[in-house]
Amino acid sequence: AELELGSLDEVYRAAAADRAAADVVDVVEGKAGIRRRFEQLQLAANDEVMAFMTAPTAVISAAEHTVEDEAVARGVRYRLVFERAMLDDEPGTYDQIAGAVAAGEQIRVTDSLPLKLLIVDHELALVPIGSAESPAEGALLVRKSGLLDALEALFEAEWSRGAEIVVSAGFVLQLDAPDLG
């Protein structure tokens with residue numbers, strides 16, 4: 001099975017390299033489709049997952065979200081930026097953060113984020129179609145492209161502005177954002 005998986009991975013990567021510009025973005029429809037793709041991407045992650053976590057939770061609650069734990073157990077690095085409203089609006093967020101940090105995830109918090117975002121292995125991103133003011137039940141699956149590069153740059157900018165979250169003696173502490181000046 002592992003040999004076959006390696007062979008299929010090579011075929012996939014070769015086909016992905018030949019994609020036309022129209023193949024850069026796929027539309028994922030409906031909450032069930034988004035949830036399924038959200039979980040598939042994390043289960044397939046090999047190296048790193050980067051995400052923006054914004055309120056309100058639209059597709060999957062923290063209690064239902066178990067694939068993250070599986071990925072972390074496999075050695076996948078997680079860097080998450082939480083919007084401050086998540087800490088106030090979502091029950092159990094402090095406990096979730098404490099558990100995630102204890103498991104080795106890196107978490108920062110910021111006042112606001114421009115969108116929900118999931119980037120996996122610098123290869124794929126999942127971005128909602130709608131905005132906070134005009135929600136829509138769909139998402140864009142973005143493949144390796146200039147658009148993905150821009151989403152990664154946005155993530156890194158927000159990551160550098162975020163305040164680090166540290167768990168100490170059972171409490172979640174927020175450190176000041178790094179001084180970039």
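Author: Happy to! The protein chain has six helices and nine strands; helices (H or I, at least four residues) and strands (E, at least two) are DSSP runs, numbered from the N terminus. This is a predicted model, in which local features need pLDDT of at least 70 and side-chain atom pairs count only at pLDDT 80 or more, while totals for chains, interfaces and linings use all residues. Residues are numbered from 1 along each chain as its sequence is written, and side-chain values use heavy atoms, with hydrogens and water left out.

Of the 181 residues in the protein chain, 35% count as buried. Buried means under 20% relative accessible area, exposed over 50%, and partly exposed in between (1.4 Å probe, protein chains only).

Now for the loop. Between β5 (117–120) and β6 (124–128) you will find Asp-121, and His-122 lies in the loop between β5 and β6 too. Most residues other than glycine have a negative phi. Here, though, phi of Asp-121 is near 55 degrees, a positive value in a residue other than glycine. For His-122, phi is likewise positive and near 55 degrees, and this residue is not glycine either.
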